[in-house]
Amino acid sequence: SSKVALLLTENRQKNNGMFNNRTYEILMSGCPIISDRFEDLEDSELGEFIWFVDSEFQIQDCLKRILGKDEMVKKKVKKGQLLTQQKHTYEARSLEFLKFYMELAF
């Protein structure tokens, strides 16, 4: 029911090349995300579906666009939701893990 989610990746995660695991859940829900800058996330295939900001002014600008129900925002969010449903589910991760394990075992 949220109109926008504010995402922050902890430095501990960033230092290990990880990003906030809630990213997937938020994208899957169809909620727009505003995030602090994090190159690994920006460069990932999910990065194009997230609004990255460096300042309070940029956050305000993003909020105006998102809450203004801009059609481009809706399309961006829907595309991110579909990509997440197709490639970033628990099932997809389980199959990747199984494949990796099978390569190691045999």
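Analyst: A residue counts as exposed over 50% relative accessible area, as buried under 20%, and as partly exposed in between. Keep those cut-offs in hand. The model is predicted.

A search of the whole structure finds 10 salt bridges. Start with Arg12 and Glu10. Their side chains meet in a salt bridge, at 2.8 Å from N to O. Arg12 has 61% relative accessibility, so Arg12 is exposed. Glu10 has a relative accessible area of 40% and is therefore partly exposed.

Next comes a pair within one helix. Arg22 bridges to Glu25, with the closest N and O atoms 3.1 Å apart. The two residues sit three apart in helix α2, so about one helical turn separates them. An α-helix has 3.6 residues a turn, so residues three or four places apart point the same way. Both partners are partly exposed: Arg22 has a relative accessible area of 43%, and Glu25 is at 36%.

Glu48 is partly exposed, because its relative accessible area is 48%.

Some bridges also share partners. Arg37, Glu42 and Asp54 are joined this way into one network.

Key. Residues are numbered from 1 along each chain as its sequence is written. This is a predicted model: local features need pLDDT of at least 70, side-chain atom pairs count only at pLDDT 80 or more; totals for chains, interfaces and linings use all residues. Side-chain values use heavy atoms; hydrogens and water are left out. A salt bridge is a side-chain nitrogen of Lys or Arg within 4 Å of a carboxyl oxygen of Asp or Glu. Buried means under 20% relative accessible area, exposed over 50%, partly exposed in between (1.4 Å probe, protein chains only). Helices (H or I, at least four residues) and strands (E, at least two) are DSSP runs, numbered from the N terminus.
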